[in-house]
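Here's a quick tour of one protein chain for you to follow along with.

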Amino acid sequence: MSKEKCRIGIVAPASRMSPEVAERVPTLARALYPDRTPEIVFHPQCFALHGHFAGDDETRTQAFLGFANDESYDAVWFARGGYGSCRVVEAVMRGLKEPSRRKAYLGYSDGGVVLAASVSRVKMTAAFNMTVLSQLLGTPLQPDLDGHVLMLEEVGEALYRIDRSLFHITSNADIRRVSGVMLGRCSSITPNEPDFGMNEEEIARYWCERSGIPWLGRADIGHDTDNKIVPFGTGPELCRSHLQG
């Protein structure tokens, strides 16, 4: 890290964060890291409300760039997922300056849209929510995952929707160049009427076999408190990586 005490800026490129949740974060950080407690700064934009979003598109863009381009921050974390990153990511990428390249970025779910634009070809792993990645394919934001181990998770979807997402993902010619697929947890699966006849792993195995993509087993990721961090990129220090959690 650039200094003894890591300084982390938190922004919300998608949906609004609850102020009550934010109030608990410093206490948790002190409990987990009593000797090197990071300084955590929430951008006021995290608590803005503009319809579905944490402020309008311009507000969310400028908040992100404000922290990303500020030399005094070691990392930028995304307050939560939700929806809305796709509306700001292109403006964010255009506005990033040199200081933004020396930071860690941590996010998950809808935040994968921003992380997809930052995929490194050095550390060959990537993790996405299925629906988020499926929506990125065929757009200018589609990440180059050639040779990557691709990890996928889902939440709150019926099995037929998981099947449809995996059809779309594995049918993409560029995705077929990944080194393999790993399936994370698919939680809160909604009822399928009639019964789909396959579980999520069987569905993933089916589409891997049909597309010729190697099946690499299960991954310890998901929309839950047991979720693990998957690095996007590499480097000797945490704050020189792009991270997906």
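Asn 192 touches Ala 158, Leu 159 and Tyr 160, leaving out residues up to four places away in sequence; contact here means heavy atoms within 4.5 Å. You'll find Asn 192 in the loop between E7 and helix H7 (200-211), where helices (H or I, at least four residues) and strands (E, at least two) are DSSP runs, numbered from the N terminus. Keep in mind that this is a predicted model, where local features need pLDDT of at least 70, side-chain atom pairs count only at pLDDT 80 or more, and totals for chains, interfaces and linings use all residues. Residues are numbered from 1 along each chain as its sequence is written, and side-chain values use heavy atoms, with hydrogens and water left out.

**Buried spots in loops and strands**

- Asn 192 counts as buried because its relative accessibility is 17%, and buried means under 20% relative accessible area, with exposed over 50% and partly exposed in between (1.4 Å probe, protein chains only).
- Ser 100 sits in the loop between helix H3 (89-95) and strand E4 (104-107), and with a relative accessible area of 5% Ser 100 is buried too.
- A polar atom of the Ser 100 side chain lies 2.6 Å from the backbone oxygen of Lys 97.
- Setting aside neighbours within four places in sequence, Ser 100 is in contact with Ala 68, Asn 69 and Tyr 105.
- Ile 40 belongs to strand E2 and is buried, at 18% relative accessibility.
- Not counting residues up to four places away in sequence, Ile 40 touches Ile 8, Ile 10, Val 25 and Ala 29.
- From Ile 40 to Lys 228 is 188 residues along the chain, and their C-alpha atoms are 21 Å apart.

**Strand E6 and its partners**

- Strand E6 (residues 149-155) is mostly covered, with six of its seven residues buried.
- On one side of the pairing story, strand E5 (residues 125-129) and E6 pair in the parallel sense over five bridges; two strands pair if DSSP finds at least two bridges between them.
- Ala 127 has Met 151 in E6 as its bridge partner.
- To get from E5 to E6, the chain goes through helix H5 (residues 130-136), and this β-α-β crossover is right-handed (with the strands pointing away from you, the path from the first strand over the helix to the second runs clockwise).
- E6 also runs parallel to strand E7 (residues 180-187), joined by six bridges, and Glu 154 stands opposite Cys 186 in E7.
- Another right-handed β-α-β unit is made by E6, helix H6 (residues 159-171) and E7.

- In soluble globular proteins, nonpolar side chains tend to be buried together.

- Buried residues of H2 include Arg 60, Phe 64, Leu 65 and Ala 68.
- Strand E1 (7-11), strand E3 (75-78) and helix H4 (112-116) are among the elements covering the buried residues of H2.

How values were computed:
A polar contact is a pair of N or O atoms within 3.5 Å; within protein, one must be able to donate a hydrogen and the other to accept it, and residues adjacent in sequence count only if both atoms are side-chain atoms.
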